[in-house]
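Please keep the sequence and the structure in view while reading.

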Amino acid sequence: PCLCTPSVNWPPLPRGVNTVHLRQPSICSTLMTAPEVGIEFTIRLVDMMYTTKPALSRRIVLIDIENTVGGGVSMSKQVNGAQAAIASAVVPRVDDQVVVACGRFSVDVVGFEWRGPRRLVFRAGTNGADLELLDILETERVNDRFAEIVIVSGDGIFAEAVSRLGLYSDITVASRPESCSWTLRMAAKRVLDIDYDPNAIMEAA
């Protein structure tokens, strides 16, 4: 049925969403001959404009690149090597939302050298990259917006958030084995190993 059909019992609106009134010049084919006629109607089909359901195929990948490279990022080889190693463990998807976090002194190199679409966040100070990613996990409703969450870090600071969000979402942790804390490994449903040797990258440079 078309949206202006009065006999359709549209589903109820969720709490906090008000009835929406629109004026449309043409709603269905029967009105195409009179486009100047405005019709006021109420849309009850909420899924067309608002939804609380996650996008079934979408995934957010939150990357603490400094954890992968083992410290601050100062060379392009570190970014290129880390990105390749992460892609081998966490196979990229075309609709991934990628967030790359780093400290203040790494942001220039990471921003220029990371290839492909990404959201770059940074913060100065101790655990700056971790705190930026934690803010996203805590304030941006990622468990409502994404079917999968991948955290590329081995820092134990994520353990509590992973444990809590894991009750509602499919969460994966990816990290170099030697840099993944035991508490985070225990909290995660799934842990992927990243094959990246910081020493080899530094020697090659």
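Helices (H or I, at least four residues) and strands (E, at least two) are here DSSP runs, numbered from the N terminus. The model is a predicted one, in which local features need pLDDT of at least 70 and side-chain atom pairs count only at pLDDT 80 or more, while totals for chains, interfaces and linings use all residues. Residues are numbered from 1 along each chain as its sequence is written, and side-chain values use heavy atoms, with hydrogens and water left out.

**Overall picture**

The secondary structure comprises eight helices and eight strands. Of the 205 residues in the protein, 38% are buried; buried means under 20% relative accessible area, exposed over 50%, and partly exposed in between (1.4 Å probe, protein chains only). The mean pLDDT, the predictor's confidence in each residue from 0 to 100, is 81, and 71% of the residues reach 70 or more. Below 50 lies the pLDDT of residues 1–8, a stretch that has 12 contacts in the model beyond near neighbours in sequence. Residues 17–54 also have a pLDDT below 50, with 55 such contacts. A contact means heavy atoms within 4.5 Å. Among contacts with a separation of 6 or more, 57% join residues 24 or more positions apart.

**Salt bridges**

The whole structure contains 11 salt bridges, each a side-chain nitrogen of Lys or Arg within 4 Å of a carboxyl oxygen of Asp or Glu.

Glu140 is partly exposed at 22%, as is Arg119 at 32%. Together with Arg145, these two residues are linked in a network of salt bridges.

Glu160 and Arg164 stand four residues apart in helix H6 (residues 159–165), so about one helical turn separates them. In general, an α-helix has 3.6 residues a turn, so residues three or four places apart point the same way.

**Helix H4 and its flanks**

Helix H4 (residues 128–139) has 12 residues and reaches 16 Å from its first C-alpha to its last, close to the 16 Å expected at 1.5 Å a residue; the expected span is 1.5 Å times one less than the number of residues. Its buried residues include Ala129, Asp130 and Leu133. Asn127, in the loop between strand S5 (119–123) and H4, has a positive phi near 60° although it is not a glycine. Asn127 is partly exposed at 42% relative accessibility, and Arg141 is partly exposed at 46%.

**Cysteines**

Which strand holds Cys102? Cys102 is placed in strand S4 (residues 97–103), and it counts as buried at 0% relative accessibility. Its contacts beyond four places in sequence include Ile65, Val110, Phe122 and Ala129. Cys180 is also buried, at 11%. The structure holds zero disulfides, a disulfide being a pair of cysteine sulfur atoms within 2.5 Å.
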